[in-house]
Amino acid sequence: MSNFQISDVRAREIIDCRGFPTVQVDICVGDKMMGRANVPAGRSTGSNEAHELRDGDKNRYRGLGVKKAVNNVNEVIGPRLKGLDVTEQRKIDMAMIRLDGTLNKSALGANAITGVSLAIARAAANVCGLPLYRYLNPNGYILPVPFMNLLNGGKLTSNYLEIQEFIMVPVGAKSFKEALQMTTEINLILRDLVIEKYGILAVNTGDEGGYATPMHGIREPFEFMAKAVKKAGYEEKVVYAMDCASTHWYDKKEKVYKLNKKSYDREELINLYRELINEFPIISMEDPLDEDDFEGYAKITKDLGIQIIGDDLFVTNVERIKEGVKKRAANALLLKVNQVGTLSEALDAADFAYRNQYKVQVSERSGETEDSFIADLAVGLNCGQIKTGAPVRGERTSKYNRLIQIEEELGTSAIYAGTKLVKSF
Ligand code: PGA
Ligand code: ZN
């Protein structure tokens with residue numbers, strides 16, 4: 001057996017940060033090397049995502065088990081991949097797509113396929129003796145600006161905020177390391193401010209580690225963040241962003257957005273956003289409108305003149321991004337590998353976005369594990385931005401701490417995207 005040949009493929013059921021089962025895959029190469037990856041899971045998912053296969057057996061994990069997906073890796077995908085060259089990522093991904101045979105990967109499960117696809121890249125990097133970011137791209141050197149979700153709402157918490165993520169963006173730092181320090185300091189001050197106003201129960205956290213406070217509406221979280229930033233002395237260095245995840249508070253029947261006990265039509269909502277960005281330095285908005293409103297996205301992108309990211313809108317799918325490009329809807333892609341199901345397709349999505357002057361932001365899922373794959377992916381893509389939650393709890397800090405290592409490893413060739421990112425919008 002050659003040094004590059006896949007000798008074994010093994011999957012198992014593990015749990016993610018919500019205590020939900022997910023898939024872990026090991027790819028063995030030759031007799032000595034291996035690569036491992038864990039699959040994340042969404043909660044505030046787009047309706048056009050690839051299919052996540054769950055067992056539905058109510059006697060185990062409330063029906064959320066992933067034994068079927070695990071078996072599909074061990075019994076269907078594994079035997080097909082044995083003997084293949086582990087560095088042939090695209091060939092392997094395409095083989096899995098053919099083996100599945102459906103448009104949304106519902107036969108084998110996108111969670112099964114994603115796990116294998118990511119573990120293949122890891123194993124290949126290990127065999128080549130390269131760090132993952134370097135294996136993905138020999139010219140990866142840009143450390144991403146972390147988009148830190150410090151206050152949580154929507155489906156990621158049980159509180160009154162419809163907007164899912166209120167995000168702090170430390171563009172003024174000189175390095176990733178400094179950015180992490182700044183946001184962590186701000187986050188601790190924010191904690192004090194929240195306790196001061198709402199009491200100790202208000203600093204329980206949501207799925208992505210941001211505080212799940214009893215705030216209301218769209219302005220209050222920004223007021224708190226701005227206060228914390230000021231107190232920390234970083235006013236000149238920090239800007240803001242938000243993930244509205246508005247599909248989840250859009251009433252499809254009435255065709256209105258229901259926010260803080262009021263109803264807004266599209267135009268009224270865009271006006272509300274405009275007022276907000278006039279008041280706070282908000283440089284980026286994700287999913288500000290319903291996932292199928294491409295025309296609305298074209299309008300808001302033109303009207304607001306900031307970064308407009310499509311998450312549920314694009315679901316990391318080239319076909320949906322093509323439609324976006326045609327209509328000039330949004331100007332950035334949120335990249336989540338498991339939304340589409342293979343690394344090759346996610347890289348194609350990024351490539352297509354770049355070629356059409358769209359930005360790319362690599363993202364976690366709300367259901368994460370300690371796997372830090374996306375840290376390397378963000379550097380490999382030189383995309384300059386990553387979204388991976390608040391700087392607390394292992395499933396989020398694993399990514400931040402990995403970026404610290406990468407920055408150190410790259411030494412003087414590392415460049416923190418910083419203010420250049422905003423200037424490029
Ligand atoms: P998800 O949410 O991982 O639950 O889909 C995160 C997001 O909307 O960005
Ligand atoms: Zn989102």
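The model is predicted, so local features need pLDDT of at least 70 and side-chain atom pairs 80 or more, while totals for chains, interfaces and linings use all residues. Residues are numbered from 1 along each chain as its sequence is written, chains are lettered from A and ligands numbered from 1 in written order, and side-chain values use heavy atoms, without hydrogens and water.

**Zinc site**

Next I looked up what holds the zinc ion (ligand 2). Asp243 (OD), Glu286 (OE) and Asp311 (OD) coordinate the zinc ion at 2.0 to 2.2 Å. Donors are N, O and S atoms within 2.8 Å of the metal (3.2 Å for Na, K and Ca); water is not among the atoms, so sites may look incomplete. I noted the spacing of the donor residues in sequence as D-x42-E-x24-D.

**Two domains**

I then turned to the domain assignment, which is automatic or from a database. It gives domain 1 (6-129) and domain 2 (142-423). Their C-alpha centres lie 27 Å apart. I found 34 residues of domain 1 in contact with 32 residues of domain 2, where contact means heavy atoms within 4.5 Å.

Last, I checked charged pairs. Six salt bridges cross the interface of domain 1 and domain 2. A salt bridge is a side-chain nitrogen of Lys or Arg within 4 Å of a carboxyl oxygen of Asp or Glu. I also looked up Arg90, which forms a salt bridge with Asp348, with the closest N and O atoms 2.8 Å apart.
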